Amino acid sequence: MAPAGRSKEPSIERTTEYEDFIQSLAEYHEKRGTILEREPRVGNRHVDLLRLYKEVVERGGYDVVSAEKLAWRSLGHHFNLGTSNLPALAFNLKTAYYKNLAAYEITQVHKKEPPPKEILEEVTARGAALLTRTVENFKPPGNREQGQLANGEDSDHSGDEGQGTPTRDKGGSEEPGSIGRITRGLRQAPPQRVLFQPDLSSSRQTRNASLNMNSPHSASQYLGGNINSSSNPTSMSFTVANYEPRPQMPLTLRPVITPGNNPELFKQKQRALRDAAALRGSRTVPAHKGMMLPGTGFEGPNIYVRTLLALRSGIAEEEDYALHHLVKISHERGEKYRFEAFPGLAEGLVEKVLGISSLFYDVKWEVSYREDGFIREKHTLDGINGTSDILAKLTSLKPLDLGDDMETEEFSHRLSKINEAGLVLRNMAMLEENAEHLSHLHAVRDFINIALNLPFRPSVVELQHYALDIAEQITKYLSLEPEDPLYRSLLTQLRSSDRGIILTTLRAISRISMNLEENNRLKGVPMSVIRRISDWTLIDDEELVNACLDFLYQYTAVEDNVQAMLTEVNVEGLINQLVRLLLHGATEKETKVLVKKPVKGRSAKEIPNLPLDLLEQLLKYEEPERSAYWLRACFEEDPDEDITQIALWQAYQGRFSEFSSRGALLPAAEFIKNVSTTFAGATAQVLAGPAPKFIIKGIRPRHIPMDPRGRVYQRCLWRKEWGKKESECGEFLLKGKNMWDHIIQDHLRIPQREDGKWDFTNQSNRRYTCNWGVCTRFAPHGTDSLHRVGMHIKTHMPETKKAHIKAKHSLSLSADGPHDAQYRNQIFFNTAVDENGDAAGLPLTAALVLRNLARNLGKGDGGPSVGIGSESEKERGAWMRRLFAPVEPQL
């Protein structure tokens, strides 16, 4: 069976252009006050609005397309909406454009103001002339007068207005046997007959019964008032006057003639009946009594039964009539025409198409339904068990002397009728129930064998394509052995040079046993066919390559088939092509990939001290700005953390009390209020209990202070004693240069010259090491090269990307700081997916064929149970290295 993941190509290609167009369209509809359906569904597919917009605009716009006959139906074919009930699909496609794109087209393309939504989006899509539609000239669609639409367009103008049922052709009648233009005309349903129902009510007229409220005159007379219905006939205003009853009108009675009041008349009728009976020598009962005479109520069979009876009649004119109408019915109403509901229809069509042999051979096939399976005549087909020697019978037939390619009128007529019968079978086989029904008719398989083995003549190509289409639909219900005539006939077609025949044959073979529990092992396929199929994968024809890969997927799933390919087929070249197909139609896209998830650091145990330079900056501000900047410098928002109000107040007092001469500090209440002003998520709360606790919920201390400009300081992680965390320096410095000068002067103790530069002379008798965090670049005993140590220490400074990452790493290890999310740019090649987002198309099938080859290489008869180190396993390893090692980088 076909790969499970493969599906039809996606209906919407989500490119950047598509996303931009949909965004612009959504903004337009929002401004217009209408609703945009971003992915309208027509049939079983979603419509690409950008592609639909381009197609319609290219054809001249909505008005031009709607004015062209069957134009929307043509667009339906272009969008692969299917063939079932195409008129309804075409109208739904037109409606999708009308509701979502028509006004946008008028604004963007024609640079005009579209009609109001009340006469555009909020009404049906029937009709055209949107560019000239106004409130004054527009009449709601649906009000038809004498076959015309409300806006003046003929009801059959485009043919796509959802006309789901065939109608009678307007012009003339067609010959039943005509094979010309296939019209949509069928018999119209007969008018409904309404049985007479006598009025059983009393003949006495009541007061209410004498009033006809549908008549304004009578209603006015009854109420003695006026009825105002000039503007709206359903809205009436009454002025009620005094009621005066009308006098009762006398009843007009007519006598009914009965045998009691007029016996002479009935005696005359009885005498006339007896005289007529005596002339016929019969009884006095009329000869037609109890019979339904022609034209007295029976309308005849419907078109479906009529065509079936005509097909089985054996009368040439009736068969021509049946085939002519069956072609139209199977095309337009195939989903309602099932073989099981019309016994004998399939057999009648098969008997008709079997007549193709009589045009080229001296034979007239007969189908035998004997249960013993004994077939004595060579021109008889076994309809019960199938004709196992059908190919031998075809070989033994005597061909007719047809001369040149000129065909007689009789030959052409017979061939056209056979082609019509084949087309009906093909159309009806597209329905699953009909395909399964045909799979149980062995005569259908015999017909396919006969059609595929006809002499090579252009006149039989059409019927052969119909036969292959039928085979494609029914093989999913068949299990074919290598010696089966149908299987052998299909394999023979793969030697053809006709692309259509090759495509359909590959699909038919790939579908064998698809709906059965048995597996299709594809035994007996000649290696010459496998080589041709491998070569076809190199052709720039996506549909053909897809069919070839489906076939190879089924074929390579069998271990023995792969083993046979290794010596007969260029497997190396096939694998190279399959690897190239893995990126067929792929689009390159660069995306950020999360390397390391962000981790929220633990709260600092104490409030950080302010560096001197930061303290000097804060002292320049007045309260309450100073306390606000101090809070931002030492605290950050965290909805899960809290701090006591007293601890926060004491930290503020301890930091700025010695500088009270530069400005008075805020009172405690104002300071607590300022916390909520500084941090939007911070709130003052009281925790109830024996001893109430006053807290600030929503903030926590920072690990490292931040200056008023939002720049985070760098903490010096130099340890005064190697390996002891508690001996960390802990000094905060803002810039990398300041940190460098701090380490050189305070930790490495390099003297500074009068010109401000560092004096690195006379330092060779000392040993140096790096005590930054957990750095182990140098051993505790260090090195005598100050240059090496200095160059290494610069990697811890925040100027370079590498140093920044290391500084963050050291911070997280030493101070339990947060881990930011880390990303890297990754290039992806996106291949085709279906509507559910699953892999599809050529890349998926190529990957499945590669998987089958890798699984079954070198197994042979040993199967998967060969032991490690055995000869089969060694051979398998050799084949794997030979075939897959060259393409390993691409994989």
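Colleague: Which residue of β8 stands opposite Gln 685?

Modeller: In this predicted model, the residue opposite Gln 685 in β8 is Ile 695. Another such pair is Thr 683, whose bridge partner in β8 is Lys 697.

Colleague: What makes β7 and β8 count as paired strands?

Modeller: The rule asks for at least two bridges between two strands, and five bridges join β7 to strand β8, residues 693-701, with the two running antiparallel; β7 and β8 are therefore counted as a pair. These two strands also form a hairpin, with five residues between them.

Colleague: How do you know that β6 pairs with β8?

Modeller: The same rule of at least two bridges applies, and six bridges join β6 to β8, again in an antiparallel arrangement, so this pair also meets the requirement. One of the contacts along these strands is that of Phe 635, which has Pro 701 in β8 as its bridge partner.

Colleague: What is the order of the strands in this sheet, and why are β6 and β7 called edge strands?

Modeller: The three strands form an open sheet in the order β6-β8-β7, with antiparallel pairing. Because β6 (635-644) and β7 (683-687) each have a single partner strand, one side of each is left without a neighbour in the sheet, and both stand at the edges. On average, neighbouring strands of this sheet are turned by 35 degrees against each other, direction ignored.

Colleague: Which helix lies across β6 and β8?

Modeller: That is helix α24, made of residues 625-634, which runs at about 100 degrees to β6.

Colleague: What makes α16 an enclosed helix?

Modeller: A residue is buried when its relative accessible area is under 20%, and eleven of the 14 residues of α16 are buried, so the helix is largely enclosed by the rest of the structure. Among the buried residues are Leu 463, Tyr 466, Asp 469 and Glu 472. The cover over the buried residues of α16 includes α13 (409-429), α14 (432-439), α15 (442-452), α17 (485-493) and α18. As for its span, α16 (residues 461-474) reaches 20 Å from its first C-alpha to its last, which is close to the 20 Å expected at 1.5 Å a residue.

Colleague: What can be said of α10, and how many of its residues are buried?

Modeller: In α10, 13 of the 17 residues are buried, so this helix too is largely enclosed by the rest of the structure. Helix α10, residues 316-332, reaches 25 Å from first C-alpha to last, close to the 24 Å expected at 1.5 Å a residue.

Colleague: Is Ile 502 buried or exposed?

Modeller: Ile 502, which is found in helix α18 (residues 499-510), has a relative accessibility of 7%, and since the limit for burial is under 20%, Ile 502 counts as buried. Leaving aside neighbours within four places in sequence, Ile 502 is in contact with Gln 493, Leu 494, Ser 496, Trp 536 and Leu 544.

Colleague: Why is Ala 832 called partly exposed?

Modeller: Ala 832 has a relative accessible area of 30%, and because burial requires under 20% and exposure over 50%, a value in between is called partly exposed. Ala 832 is found in the loop between β11 (822-830) and α30 (841-856), where, apart from neighbours within four places in sequence, Ala 832 is in contact with Asp 838, Ala 839 and Ala 840. The C-alpha atoms of Ala 832 and Pro 843 are separated by 7.6 Å, although these residues are eleven apart along the chain.

Colleague: How do you know whether Cys 716 and Cys 770 are buried or exposed?

Modeller: Cys 716 has 0% relative accessibility and so counts as buried, and Cys 770, also at 0%, counts as buried for that reason.

Colleague: What share of the whole protein is buried?

Modeller: Buried residues make up 41% of the 891 residues in the protein, which has 31 helices and eleven strands.

Note on methods:
Residues are numbered from 1 along each chain as its sequence is written. This is a predicted model: local features need pLDDT of at least 70, side-chain atom pairs count only at pLDDT 80 or more; totals for chains, interfaces and linings use all residues. Side-chain values use heavy atoms; hydrogens and water are left out. Helices (H or I, at least four residues) and strands (E, at least two) are DSSP runs, numbered from the N terminus. Axes are lines fitted to C-alpha atoms, for helices over the stretch in contact, and angles run from 0 to 180 degrees between N-to-C directions. Contact means heavy atoms within 4.5 Å. Buried means under 20% relative accessible area, exposed over 50%, partly exposed in between (1.4 Å probe, protein chains only). The expected span of a helix is 1.5 Å times one less than its number of residues.
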